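Hi,

Here is the structure I said I would pass on. Have a look at it first, then read my notes below.

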Amino acid sequence: AARGDGSGGGGGGEPHVLVVPFPAQGHMIAHLDLAALLATRGGMAVTVAVTAGNAPLLEPLLAACPSVGVVTLPFPPSPLLPPGCGENTRGLPWRLFWMFVPALAALRAPLLDWCEAQHQRRRRVTAIVSDLFTGWARPLADELGAAHVTFSPCTAFFVAMAPPTWHPPSTPTPMPQSSADADDDAAAAALLFPHVADDPKPGDEAYEEIRQILLWSLENKCVVVNSFAALEAAYWASPLAARVRSRSRVLSVGPLSEAWPTSSNRGGRPAVAASEVAAWLDAFDDGAVVYVSFGTQHALSAAQVACVAEALARSSAAFVWATGGATAVPEGLEAATAVAARGLVIRGWAPQVALLRNRAVGWFLMHCGTNAVLEAAAAGVAVLAWPMGAARFVNR
């Protein structure tokens with residue numbers, strides 16, 4: 001255990017929550033926000049489980065919430081992942097994102113050993129909160145006699161629509177109450193989850209293991225989502241929502257980015273200080289600037305990058321373009337817009353929450369990641385939606 005003895009864990013019979021995130025940047029950020037909320041408002045001990053390569057991402061959380069404990073585990077070797085791919089999905093191709101799901105299931109055994117050691121030290125884990133993609137923690141919780149909660153960084157609508165895409169065609173999903181409902185759900189799922197290259201398919205290596213891990217999460221009795229009622233009012237009034245609530249208790253706790261006073265390096269060390277970006281934005285009128293970011297998981301193709309650059313040039317709009325390190329802006333764009341003092345390119349992690357809250361930013365061209373959608377909504381910034389895979393189509 002990092003930090004000596006895994007401090008923060010369940011002394012004196014108090015509830016002890018183990019948080020098991022998935023090492024994708026957007027998922028990690030939401031889980032750490034939730035851990036902070038539990039530690040500061042929940043009156044319970046909280047421990048976060050990570051691999052050594054992801055431990056630095058916890059620095060902002062530990063600075064704000066020193067009571068949070070950390071258990072650091074070795075990253076498990078896996079034939080599904082190539083050597084040198086790292087311990088986080090950031091910047092990796094979509095296919096490798098999926099391969100992390102079964103690879104991380106190998107953490108179950110060492111995590112069980114750690115939990116049993118805590119029990120002997122009277123720091124028993126009483127509940128486990130795990131990500132959609134770490135659903136293998138559900139049988140782990142059963143073995144420990146602990147409560148289990150699925151935490152979805154995605155919306156309740158996503159949690160409702162995803163199961164039909166993972167049940168075999170010959171096996172009806174437990175959600176629908178009639179064959180007509182099943183047909184409606186299948187059609188809606190196909191519309192909201194269009195096939196993306198490198199998505200897992202039946203027959204692919206590790207597909208069945210990925211499928212089981214996701215269904216453990218999606219069909220859990222208790223699911224907590226990073227969302228809020230006003231965002232999904234139409235969904236909550238639908239028959240589909242009623243069917244989901246008949247199976248699971250679904251609780252909205254977002255937007256988590258608003259739940260505690262995060263530091264400017266939430267999720268990573270920014271390539272540019274928030275104060276520098278704010279000083280540059282001071283030259284523009286309210287709502288005049290377009291913020292462009294497609295997250296850290298999806299790199300735009302050269303053709304897509306050229307389209308974005310051309311659109312910015314034709315519009316003459318002032319913009320901030322954060323590449324996240326995964327996308328290279330066209331040669332000459334930065335120099336040309338710098339001369340006109342209307343373009344700022346950030347290569348690497350951007351102080352996104354602070355940037356969106358700046359009065360000069362009025363638009364956000366995004367890939368529709370859930371954290372980005374919630375941060376834009378909380379800041380009152382209009383969204384230009386360009387979804388790229390997974391929950392992004394539902395968010396759109």
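Let's start with a term: two residues are in contact when they have heavy atoms within 4.5 Å. Among contacts in the protein chain between residues at least 6 apart in sequence, 73% join residues at least 24 apart.

Before you go on, note that this is a predicted model, where local features need pLDDT of at least 70 and side-chain atom pairs count only at pLDDT 80 or more, while totals for chains, interfaces and linings use all residues. Residues are numbered from 1 along each chain as its sequence is written, and side-chain values use heavy atoms, with hydrogens and water left out.

The overall picture: the protein chain has 18 helices and 12 strands. Those are DSSP runs numbered from the N terminus (helices are H or I, at least four residues; strands are E, at least two). Of the 396 residues in the chain, 55% are buried, meaning under 20% relative accessible area with a 1.4 Å probe, protein chains only.

Now for two helix pairs. Helix 4 (residues 94-104) and helix 10 (residues 207-218) pack at about 75 degrees, their axes 9 Å apart. The axes are lines fitted to C-alpha atoms over the stretch in contact, and angles run from 0 to 180 degrees between N-to-C directions. That angle is why helix 4 and helix 10 are roughly perpendicular to each other (65 to 115 degrees; under 35 is roughly parallel, over 145 roughly antiparallel, and the rest oblique). On the helix 4 side you'll find Trp98, Met99, Val101 and Pro102, which meet Glu209, Ile210, Ile213 and Leu214 of helix 10.

Helix 5 (residues 108-120) and helix 6 (residues 137-144) pack at about 30 degrees, with axes 11 Å apart. That makes helix 5 roughly parallel to helix 6. Helix 5 brings Arg108, Leu111, Leu112, Cys115 and Glu116 to the contact, and helix 6 brings Pro139, Leu140, Glu143 and Leu144.

Last, zoom in on one residue. Where does histidine 367 lie? Look in the loop between strand 11 (361-366) and helix 17 (370-379). Histidine 367 counts as buried because its relative accessibility is 9%. Leaving out residues up to four places away in sequence, histidine 367 touches Ser293, Phe294, Gly295, Trp386, Pro387, Met388 and Arg392. Take proline 387: histidine 367 is 20 residues from it in sequence, and the two are 4.5 Å apart in space, C-alpha to C-alpha.

Cheers

How values were computed. Buried < 20%, exposed > 50% of the residue type's maximum accessible area, 1.4 Å probe, protein only.
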